[in-house]
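Biologist: I am new to this structure. Please bring it up, and then I will ask my questions.

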Amino acid sequence: SWVSHYPKDWKGGNVVGLGMNADELKQNPQLSSYVVKDLNSDPTLPFDDASFDVVTCVVSIDYLNKPLQIAKEIGRVLRPGGECIISMSNR
């Protein structure tokens, strides 16, 4: 969305956002680029294998219809030794 939840002064290099709302993603100043996609309609990530050092998923995995398939996709797009950081809301 329009917020990445990273510290304001954090510089992450190439930061790619993925979400469902292009208007919100456009307003996110921490993103280098973004992809608009509904992962509930198609639970595949539109990225090459081993293309990310870190994947973050902030307060959204609990809204997915197929979270296990998305977790497998995260593993696919992470480079060896990469990290996945997931946060969940308390609901």
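Biologist: Which residues does Leu78 touch, not counting those up to four places away in sequence?

Modeller: This is a predicted model: local features need pLDDT of at least 70, side-chain atom pairs count only at pLDDT 80 or more, and totals for chains, interfaces and linings use all residues. Residues are numbered from 1 along each chain as its sequence is written, and side-chain values use heavy atoms, with hydrogens and water left out. Contact means heavy atoms within 4.5 Å. With sequence neighbours up to four places away set aside, Leu78 touches Glu83, Cys84, Asp53, Val54, Val55, Phe52 and Ala50.

Biologist: Ala50 is on that list. What is its phi?

Modeller: Ala50 lies in the loop between β2 (33-36) and β3 (52-58); strands are DSSP runs of E, at least two residues, and helices are runs of H or I, at least four, numbered from the N terminus. Ala50 counts as partly exposed because its relative accessibility is 33% (buried is under 20% relative accessible area, exposed over 50%, partly exposed in between, with a 1.4 Å probe and protein chains only). Ala50 is not a glycine, yet its phi is positive, at about 50 degrees.

Biologist: And what is the phi of Val59?

Modeller: Val59 sits in the loop between β3 and α2 (67-77). Its relative accessible area is 33%, so Val59 is partly exposed. Val59 is no glycine either, but it has a positive phi of about 40 degrees.

Biologist: What is the volume of the largest pocket?

Modeller: A pocket is an open set of points on a 1 Å grid over the protein atoms alone, where a 1.4 Å probe fits and protein lies on both sides within 12 Å along at least five of seven lines; lining residues have an atom within 4 Å of a point. Points are joined across faces, edges and corners, and the volume is the space filled by probe spheres set on them. The largest pocket is lined by 41 residues, with Gly17, Leu18, Thr56, Cys57 and Val58 nearest its centre. Its volume is about 1,200 Å³.

Biologist: Which element gives the most to that lining?

Modeller: The lining divides into 23 nonpolar, 13 polar and five charged residues (Ala, Val, Leu, Ile, Met, Phe, Trp, Tyr, Cys and Pro count as nonpolar, Asp, Glu, Lys and Arg as charged, the others, Gly among them, as polar). With seven residues, the element that gives the most is β3.

Biologist: How far apart in space are Lys11 and Ile86?

Modeller: Lys11 is in the segment before β1. Its relative accessible area is 72%, so Lys11 is exposed. Lys11 and Ile86 are 75 residues apart in sequence, and their C-alpha to C-alpha distance is 19 Å.
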